Each structure stands twice: as structure tokens, then as C-alpha cells.
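Thanks for passing this one along.

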Protein chains: 2
Amino acid sequence: MCAEQQPGQVRPGGRTARNREAVCRATLLELAERGYAALTVENVAERAGVHKTTVYRRWGGVHGLVVDSLQFAIDDDWQPDLSGTVEENLLDHARVALDAFLDAEIGPTHTAVVAAAFQSTEAIEAVHAFFADRFGRAASIITTAIENGELPPETDSIAVIRAVMAPIYFRLFISREGVSDGDLQQAVQAAVASARAGVFSSFDQDGERS
Amino acid sequence: MCAEQQPGQVRPGGRTARNREAVCRATLLELAERGYAALTVENVAERAGVHKTTVYRRWGGVHGLVVDSLQFAIDDDWQPDLSGTVEENLLDHARVALDAFLDAEIGPTHTAVVAAAFQSTEAIEAVHAFFADRFGRAASIITTAIENGELPPETDSIAVIRAVMAPIYFRLFISREGVSDGDLQQAVQAAVASARAGVFSSFDQDGERS
């Protein structure tokens, strides 16, 4: 989830960029391990090896740390693979997303983002930004499928991506049932079958749809 | 979510039943307002108007309070309406479930159940019990639809119910987008279209499916 630091990328930002990375990673780890309620500037500063006055000066406090760290966490260059059928591309996307949550290093920070939204309105804004970003990038899987004639032309791209991901998040974070690769395949098949049946076609006969 | 107390139901349990209701309601409100990490026997006892030694004697501590309160919260006599088409019955079910989360009185306790699972393994067990109970009751919508010839005979009932509910929970608690009645209708249409396409048919060619 976090962009890998390449050798040539350190110098342009220098100490400021290194401090941001250290502070954002420390904030995400604190969120993952102790939760939003226990987040303090002091703990983040100590964990990051940065003086707390630096943290206060740049991030203002806990609010600023959360917002910037969640932005840092989504700041990578992931793009969906568009080389297969719509089912293959969606399954690849679902596997990448699930792997991120199950990964020992970055999984806890993803989980912390979801968990923090239960306790903080600023985290809710960050979660909106996270999904707008992820769903927006993955939507090219659907627009490509429409161009290829695999899905109806009026299909709502974001609705299909959401339909693939919702059962995965539901199993991980709501019902806590665990997620198998068969579950990912079923989620993809269901989303594609629904799209082909016209369920996700843009429509305006219902005033409540946005 | 909590069973309505009928006049004739109080006496059989007497003080014990009244104490349980007061303590469980207090625990759920504490969970909803302050979260699992801040839950204490002292706060629950004070809120319930019960002596803390009574709470320690009967529930043991925070663990016992959480487990029993979540059991109390799911202990009602809800049964799905089976009088309409499969789409109508599923939409009714989805509306009842969403109303429970949005209700000013019982919504916070439902939310507390979901949130507590981020912080407590005993809450995860309670969440499993909650969904096993709810999905199990709602499954009769699907078995009735199969009997009526509305869905393929080999349809996995729980998979269809989960498919209806997952996007609703996802919008409420993960992406935090809000849920309109049009979203409920779309979730029902998608689940039924997928079931009719055979996506939720029981199958065993994939060793990873349970």
C-alpha cells in the first residue's frame, strides 16, 4: 500500500520526506496496534524517532496525523491488470486487495483505516478518499470490458467494482468468516452475472439513486 | 433487536431477569458510546443501577458482559415475511435490517457489535453467532423461493442472503457511503440475478469452498 522507497527518491525530499514517511508509518502502526482512541502525538513521535515538537509543528495533532497517514497509505502506483477477460481482471484485482489485508506488514494498516472510521469523523473522510481512489482506478477493468463487448454499454463501472469487493470486506470485517479463493471467484461471478442482467446499468427512474 | 418486554414476561425471571436486561442494555450502550477498550464493570454497574459485586458474581468481568450482552441483543423473535415474491421478501428483509442500524435507540448497539469485533476476540465469536442466527432465519426466504420455482433447486440459501446484505454492510461500515432504498433494491436484484445464473448453486469442484 505504501510506495516502496527507491534509492533515487530520498534526496529530493530529504529530511522532510524521510520524516513524513517515518511519522506516517508510525501513526498507521499505532492505529493498527492500539486503535484511534489511544493515538497520541507523543507515542507517534517516539516510535518515528522524531521530536514531538516537529510533529506538532507539521501535523498539528492527532487529527492531522490521521488524515495525512491515511493519504500516505493510499499513495501508491497500483493500476489494474487489463490483459485478461473481465472475470480474470476482476479476480486478479480481488486477489491483490485481499492479499493487502492479509499481508503481515501492510495488512494491519489497512485494517486500522477501516477500524478508525468507527471512532473518528476525520477517518471517515479518509476512508471515502481511499475507496474513491481504489474504485476509480479499478473502474478501468469495467470500461475496458464494455469496450470489448463483454458487458452492457450502460454498465455503472463503480457499481460492479463495489459488488466484487463488498462480499470480501463483509467476510473480513463484518461477519468475520474468513475469505477463500473460491469466495473471490463467487464474488466476481456474481458481479459479472448481475452486470450482464442489467442490474448495474445506470438508470434514473428511481429518484433515490445517485 | 432486543425483545420487547411483555407485561407477563417480567415475573418469571423476577429480579434476576430485570438485572440481566439492565446490565445487558448498559453494556451495549457503553460499547456504542465509548467502545470496547473503555468498557469497565464499574461503568456498566453504575449505568445499570446494579451493584458491581453483582455484576462480577454473575458475569465475571468484561468478557462475560460482552458475550452475554451480544446474545441478549440477538434474542428476539424476528422471522422473515414469506408472503411475497422472492424479490419482495428479500427487500423487506433488507429494509428491516437497515432500519435496525439506523434506529436511534437500537442502532448504536448493532453498530457496537460490529465495532467491538475489531478489538476483542470474544466479540468476534458473538458476531459469528449473530450472523449465523440472522442468516439462518432469513434463509427460509430462499428455501420458499426454491419450493415456488423462483430460484434453481440447488441454490445455497445463506449465500443469497449474504449477497443481499454484504453491500449494505459495506456501505454502512466500510466505505461509509450511506445506503438509499435504491441501493437495497439493487442489492436484491443483483443477488437474485446471480442466483438465477447459478452463481450461488452448491458446488464441490473447488476444494476451497466450504
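**Notes on the interfaces**

1. In chain A, 10 residues of domain 1 are in contact with 11 residues of domain 2 (contact means heavy atoms within 4.5 Å). The domains span 7–73 and 86–196, with bounds from an automatic or database domain assignment.

2. A word on the basis: this is a predicted model, where local features need pLDDT of at least 70, side-chain atom pairs count only at pLDDT 80 or more, and totals for chains, interfaces and linings use all residues. Residues are numbered from 1 along each chain as its sequence is written, chains are lettered from A in the order in which they are written, and side-chain values use heavy atoms, without hydrogens and water.

3. Domain 1 and domain 2 of chain A bury about 990 Å² between them, 73% of it on carbon and sulfur atoms (buried area is the accessible area, 1.4 Å probe, that two parts lose on being put together, summed over both). On the domain 1 side, A32(A), Y36(A) and L70(A) lose the most area, together 45% of what that side buries.

4. Between these domains there are zero salt bridges (a side-chain nitrogen of Lys or Arg within 4 Å of a carboxyl oxygen of Asp or Glu).

5. Now for the chains: 40 residues of chain A are in contact with 40 residues of chain B. Together chain A and chain B bury about 3500 Å², 61% of it on carbon and sulfur atoms. In chain A, F118(A), I174(A) and R176(A) lose the most area to chain B.

6. Two salt bridges cross the interface of chain A and chain B. R162(A) forms a salt bridge with E177(B), with the closest N and O atoms 2.8 Å apart.
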